[in-house]
Amino acid sequence: MDLQDAHGWLVEVLNEVSVQFQKVPGSAIFLRYVKSSYQNDPVRSAVELFLFLFAVRYLLAPKYSTSKKSYVKLTDEEIDELVDEWVPEPLVAQQTPFEEAENEKRPVIVGPTGPKSKLSNGRIVTNVASYNFYNLAGNESLKEKAIQTLRTYGVGPCGPPGFYGTQDVHQKTEADISAHLGTTACIVYAQAFSTISSVIPAFSKRGDIIVADKAVNFAIRKGMQISRSSIRWYEHNDMVDLQNVLASVVKEQAKKPLTRRFIVTEGLFENIGDMVDLVKVVELRHRYKFRLILDETWSFGVLGRTGAGVTEHQGVNVKEVDMLVGSLAGPLCAGGGFCAGSNEIVEHQRLSASAYTFSAALPAMLATTASEVISMLQTNGEMLTQVRDNVKTMWGQLDPRSEWVQCTSAMENPIMILVLKPEVVARWKLGVGEQEQLLQEMVDEALANGVMMTRLKSMPRGINVTAKEVGWELQPGLKVCLTLGLTRKEVERTGTVIRHAITKVMKARR
């Protein structure tokens, strides 16, 4: 058969197929659709043909049983043996001998907390271990206001704010904080710790960049971890290093897709006690076009003429800070936390911040307490002045007069963090564990002489996590919290007891 005969046979076959196909009902409509589709959009016809062939292949594919067991069947004896061999991992690490000894000697307060507290052994001690800066724990007017609110609203709203947990007292607290700070809006959370750890991942996501101070607190670190953003550290409170890191990030990202970039720092650092140079940070964030998240957990209610925080203290316009986060549980003796900023910043969190969306709202009596304390700070400046005077008095007793310790806190911070001097650590070659042991002996010695203070503590590193991976190592220290509930003479006497306790322990070490 030559080529011409083969062509003629093929034409006859196609004609016969066409005739037979036209006898099928609806064939004319199908042909007309195909011709029209191909003429207008041949790509669409190709996609439809692919989907048709895929459907035919799927329908003609061999069946298989979903109930077929593909695992090895074990006998009852084998199952029991595996169960007996299985050892669950502990939820928490086992206590060290040092921690066990510390827990056995831990003092227990009986009754209300105050400048003078009663312990379970019946002793009355001077309490410089609690955050009762303004002696609000014993304020009768606050107690009465809280009781009235409790009788009106109950213990708690028992629902998230976005559902039915928001009450008028919550809206008033948000308005009071916003007016006190000078921002346009504010959002209140039910827990202080989860505030910053929810704010960060609400805005920063995978692929975004966070530049953070190496000494930021544990809540900030958890928030950055949850966000899965790229983290770049800069040396603690080192503005030159911050500038270098920002410049490096901008250079690296010059030819990459645009990402969100944040600077995260604290007003008063929880782990060291010193203060951020906010003026310089704001200057750098504008120069390199970064957003700024400022955690004022320990500076709100402490710094500034009216306790509005580090922005008021350093004369920085609050609008220069994108997200200003604070606590209502520390200096204010209430509960919960807040984030203040623009309307857009706040409204975004009402749907995107996990701690706000999925947690029950703040109890009404705590919201009322926070509003009352803010009003007291605005109208009674003597509260702030008295605490600062007591801080100066304690500084005079400890930092310049002790040859063993130095204070790393800012002069305005009522939380004084005392660490062993570098030359002492270097001369005696003291490791972290040895420093903690010495500091705990100082705490015990001071308690034996009627002064209750505590040690600086932070969450431990994760399992198999090195200090290099964390980015910063906490130096052990003592924590002394001042309160206006003590007179000047009582503060001097307390400082003398602490100084003598430090000296006695260190000389015994020699």
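The model is predicted, and local features need pLDDT of at least 70, side-chain atom pairs count only at pLDDT 80 or more, while totals for chains, interfaces and linings use all residues. Residues are numbered from 1 along each chain as its sequence is written, and side-chain values use heavy atoms, with hydrogens and water left out.

Helices (H or I, at least four residues) and strands (E, at least two) are taken as DSSP runs, numbered from the N terminus. Helix 9, which spans residues 193–203, is mostly covered, since 10 of its 11 residues are buried, where buried stands for under 20% relative accessible area, exposed for over 50%, and partly exposed for values in between (1.4 Å probe, protein chains only). Among the buried residues of helix 9 are Ile196, Val199, Ile200 and Phe203, and also Ser197 and Pro201.

Four strands form an open sheet in the order 1-2-3-13, with mixed pairing. Strand 1 (109–110) and strand 13 (451–452) stand at the edges with a single partner strand each, so one side of each is left without a neighbour in the sheet. Pairing here requires that DSSP finds at least two bridges between two strands. Strand 2 (residues 116–119) and strand 3 (residues 124–127) run antiparallel and are joined by three bridges; Lys116 has Thr126 in strand 3 as its bridge partner.

Turning to the cysteines, the structure holds zero disulfides, a disulfide being a pair of cysteine sulfur atoms within 2.5 Å. Cys481 is buried at 1% relative accessibility, and its sulfur lies 11 Å from the closest cysteine sulfur, that of Cys333, which is too far for a bond. Cys158, by contrast, is exposed, with a relative accessible area of 62%.
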